[in-house]
Amino acid sequence: MRAQIRAIKGIPAPTGTCQYSHDQAVHGKFERDGTSYCGVCKSDQRRASRTRAATPTSTGETTCH
Ligand SMILES: [Zn+2]
């Protein structure tokens, strides 16, 4: 019973959905330390941070005299 082993180790089984309704039976993943996370949410966060970093922040500012 893999579920029992998980319970013994204190690792929650990826069941149901995450806070954004992604099916954790499909997208549920584990970090190397056993922490569970949603693969879709993680890739979305990674993409969002990358988009934010790529956006130039110097809007309307001119340093040329
Ligand atoms: Zn998710």
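## Burial and contacts

The model is predicted. Among contacts in the protein with a separation of 6 or more, 9% join residues 24 or more positions apart.

## Secondary structure

The protein holds three helices and two strands. Read from the N terminus, the order of these elements is α-α-β-β-α.

## Helix α3

Helix α3 covers residues 39-54, which is 16 residues. At 1.5 Å a residue the helix should span 22 Å, and the C-alpha atoms at its ends are 23 Å apart, so the two values agree.

The number of buried residues among the 16 of α3 is zero, so this helix lies largely in the open. A residue would need 20 or more other C-beta atoms within 10 Å to count as buried.

## Ser21

Ser21 sits in the loop between α1 (2-9) and α2 (24-27). The phi of Ser21 is near 65°, a positive value in a residue that is not glycine. Most residues other than glycine have a negative phi.

Ser21 has 9 other C-beta atoms within 10 Å and is therefore exposed, the cut-off for that class being 12 or fewer.

## Confidence

The average pLDDT of the protein is 80, and 62% of the residues score at least 70. Confidence in the protein is lowest in α1, with a mean of 59, and highest in α2, at 94. The loop that holds Ser21 lies between these two helices.

Notes:
Residues numbered from 1 in each chain as written. Predicted model: local features only at pLDDT ≥ 70, side-chain atom pairs only at ≥ 80, totals over all residues. Helix = DSSP H or I, 4+ residues; strand = E, 2+ residues; numbered from the N terminus. Contact = placed C-beta atoms within 7 Å. Expected span 1.5 Å × (residues − 1). pLDDT = per-residue confidence, 0-100.
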